[in-house]
Amino acid sequence: MRGGRSNRLLLVEDDADLTEMLTETLGHEGYLVDRAFDGQRGLHLGLTRSYDVMVIDRMLPALDGLDLVARLRARAVPSRTLMLTALGTVDDRIAGLDAGADDYLVKPFDLDELSARVRALCRRTPEPTDVLRIGAGVLDLGPREAVLPDGTRVALSTREFELLRVLAARPNTVHPRAVLRRKVFEEAAAASIVDTYVYYLRRKLGRAAVRTVHGLGYRLGTL
């Protein structure tokens, strides 16, 4: 495994027998495998945990595999994805790749081939993404927008963006108001300017976006 650690995999497959077989095969090769039996659970795990590779069936209950991959890509999740499907036409493969999958394997498949494809994906270094994670959402540094968990993009003013960027860059830090005022706003700004822009962010993104630590300041919340 890369760097002496076990690669983490997410397997999203509704066929219980196939899931058990793949979990056993990949586990014997040293992978740490989490499992989901429907697309919604797969989306939750993909957004809240970090995986090197996700193996995703195309035809899933609750949320189709194509939609699942597209939503993960919309949140800038960098994990490599291998899509499994019984649909093997050229158009089907193109649809999977266009949704954001990195590779596509048609059922029935040989377990050795699946293992080889997973190893190849693990060797790839995810491309850097110009985003900062905020819970299940992200702050997109390119267009300076927040992306909510449902994919909605929210435009931010320059100061709203800068305030959220400072908080998201150090998500576990409590930032005193005086420090935020100095980093984001002009020195001559009113003492209440930080509170005002926290209010603006919460109005746009929800109250959970910024947490108040009473007597100390603010820290990043979640979207």
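A salt bridge here is a side-chain nitrogen of Lys or Arg within 4 Å of a carboxyl oxygen of Asp or Glu; between domain 1 and domain 2 the count is zero.

These views show a predicted model, where local features need pLDDT of at least 70 and side-chain atom pairs count only at pLDDT 80 or more, while totals for chains, interfaces and linings use all residues. Residues are numbered from 1 along each chain as its sequence is written, and side-chain values use heavy atoms, with hydrogens and water left out.

**View 1. The two domains.** The domain assignment (automatic or from a database) gives domain 1 as 8-122 and domain 2 as 131-220. Their C-alpha centres lie 34 Å apart. Five residues from domain 1 and ten residues from domain 2 make the contact, meaning heavy atoms within 4.5 Å.

**View 2. The area between the domains.** About 560 Å² is buried between domain 1 and domain 2, with carbon and sulfur atoms giving 50%; buried area is the accessible area (1.4 Å probe) that two parts lose on being put together, summed over both. On the domain 1 side, look for L47, R75 and A76, which supply 76% of the area that this domain buries against domain 2.

**View 3. An aromatic pair.** F185 and Y197 sit 5.2 Å centre to centre with 45 degrees between the planes, a tilted pair. Rings of Phe, Tyr and Trp (its six-membered ring) pair if their centres lie within 6.5 Å; planes under 30 degrees apart count as stacked, over 60 as edge-to-face and the rest as tilted. By this rule there are three aromatic pairs.
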